[in-house]
Amino acid sequence: MGFVSEERMKEALNAWDFGGEIAGALRFGQGHINDTFCVYVQEESGDCKRYILQRMSTAAFKHPEQLMENIVGVTDYLRKKIAETGGDPDRETMTVKRTKSGETFFTDSEGGAWRVYPFIENTVCLQSAETPELFEASAKAFGRFQYMLKEYPADTLYETIEKFHDTENRYQNLMKAIEADACGRVKEVQAEIEFAKARKEDCSVCLQALREGKLPLRVTHNDTKLNNILIDKATGEGICVIDLDTVMPGLACNDFGDSIRFGANHSAEDEKDLSKVNFDLHLFEVYTRGFLAGAGGVISEQEKEYLPWGAKLMTLECGMRFLTDYLEGDHYFAVHREGQNLDRCRTQFKLVSDMEKCWEQMMEIVRK
Ligand code: ADP
Ligand code: GN1
Ligand code: MG
């Protein structure tokens, strides 16, 4: 995320035909990666139509053309599936709006890559699980996403971020950042470094199961936090999975786990007061039920055994990623204040210790 000048914004807006007069474009949402804006358009009829305009992160994504090819492939496929089952493809999946010249994205004069999606109206995007029912609704939607993509040709997908959920590699990257100590911050984070080091072996658990053939690679979302889903305002159902930048071959337990990491607690990801950060086992149970129901039998018994591992490792991995970014100078995750990535790391590590304390109960929940 970064600064967007007025000139670049004008260039980007001019690349699309929005079918009316643009009333304005304002920063929107709480994503950590892309620069997201909401574009307000007054149509001839006088109605206001909204669009999401995004400048894709170059820190995260090196090949926007590959990224967009993935997204168009997946959304076209979902569109057909949704239509076949009587759903509304315009609300239940994203639609890439083509530029005036028919492209899926626009490159500005400084190399910034932009894209547009129609805004999916009458939905809410939650930053925390306000009720167990809403959390379960998100679980069903992420589970269904897995179900709908079960036969998607995985070999047509580009790896948009290399080794994205390679937890062993994330650990190694943290070690390199400690070694380099680019910002002289290592001395402040000894406790966090020790915490990660004590869990080095854990980083291999799911990857090892994959290598041994115990876990299959599936087409997964890989970034299943609650604010990557839109919930229908009227029905409270999770209707549309968004943020498809990281749809790639991956593990079902990681999709499950990343949702648990973010949603099965009652605090912000960057909460400073760790006494407020507590893993909620009840929400874990609720999510498990919803996810497995949504996935409609796709997840095998063997995979179920690894769901708690997915939760713990996605949380540990995310904590290590925040810490790495903190040590490297906050280039990857958007920060709005000093120390924010360190605070984020600390909440993740607190949640990991909580999970370790109720590990047996987590295992029991997924078995039942
Ligand atoms: P990031 O990768 O930075 O997280 P997202 O693609 O998740 O970016 O978008 C950021 C936020 O913008 C989302 O959390 C959501 O609030 C909002 N958003 C994105 N796409 C849409 C859409 N099509 N309709 C409505 N809101 C959207
Ligand atoms: C990022 O893009 P966003 O904000 O939905 C990140 C995830 C992290 C998450 C932590 C592409 O998600 O992997 O888990 O922040 N996305 C990418 O909140 O790195
Ligand atoms: Mg997002």
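Guide: A polar contact is a pair of N or O atoms within 3.5 Å; inside the protein, one must be able to donate a hydrogen and the other to accept it, and residues adjacent in sequence count only if both atoms belong to side chains. The model above is predicted, and local features need pLDDT of at least 70, side-chain atom pairs count only at pLDDT 80 or more, while totals for chains, interfaces and linings use all residues. Residues are numbered from 1 along each chain as its sequence is written, chains are lettered from A and ligands numbered from 1 in the order in which they are written, and side-chain values use heavy atoms, with hydrogens and water left out.

Visitor: Which residues surrounding ligand 1 are the closest?

Guide: A residue is near a molecule if one of its heavy atoms lies within 4 Å of it. Here 18 residues surround ligand 1, and N34, Q54, N227, N228 and D243 are the closest. The backbone of N34 brings an N or O atom to 2.9 Å from an oxygen atom of ligand 1, whereas Q54 uses a polar side-chain atom, which lies 2.9 Å from an oxygen atom of this ligand. The side chain of D243 also has an N or O atom 2.9 Å from an oxygen atom of ligand 1. On its own, ligand 1 has 550 Å² of accessible area (Shrake-Rupley method, 1.4 Å probe), and the protein covers 97% of that area.

Visitor: How many residues of the shell around ligand 1 are nonpolar, polar and charged?

Guide: Ala, Val, Leu, Ile, Met, Phe, Trp, Tyr, Cys and Pro count as nonpolar, Asp, Glu, Lys and Arg as charged, and the others, Gly among them, as polar. The shell around ligand 1 divides into 10 nonpolar residues, seven polar residues and one charged residue. For ligand 2, the shell has eight nonpolar, four polar and seven charged residues.

Visitor: What lies closest to ligand 2?

Guide: Ligand 2 is surrounded by 19 residues, of which H32, K225, E269, R321 and Y332 are the closest. A polar side-chain atom of E269 is 2.6 Å from an oxygen atom of ligand 2, a backbone N or O atom of H32 is 2.8 Å from an oxygen atom of the ligand, and the side chain of D223 has an N or O atom 3.1 Å from one of its oxygen atoms. Of the 440 Å² of accessible area that ligand 2 has on its own, the protein covers 98%.

Visitor: Which element gives the largest share of the shell around ligand 2?

Guide: Elements are DSSP runs numbered from the N terminus, namely helices (H or I, at least four residues) and strands (E, at least two). The largest share, three residues, comes from α11, and both α8 (252–263) and α11 (307–328) supply at least two residues of this shell.

Visitor: Is A198 buried or exposed?

Guide: Buried means under 20% relative accessible area, exposed over 50%, and partly exposed in between. A198, in the loop between α6 (190–197) and α7, is exposed because its relative accessible area is 63%. E212, in the loop between α7 (205–211) and β7 (218–220), counts as partly exposed because its relative accessibility is 45%. The side chains of E212 and K214 are joined by a polar contact of 3.0 Å.

Visitor: Where is N122 placed, and what is its phi?

Guide: N122 sits in the loop between β5 (113–118) and β6 (123–124), and its phi is near 60°, a positive value in a residue other than glycine. D330, in the loop between α11 and α12 (340–357), is not a glycine either, and its phi is positive, at about 60°.

Terms used
Buried means under 20% relative accessible area, exposed over 50%, partly exposed in between (1.4 Å probe, protein chains only).
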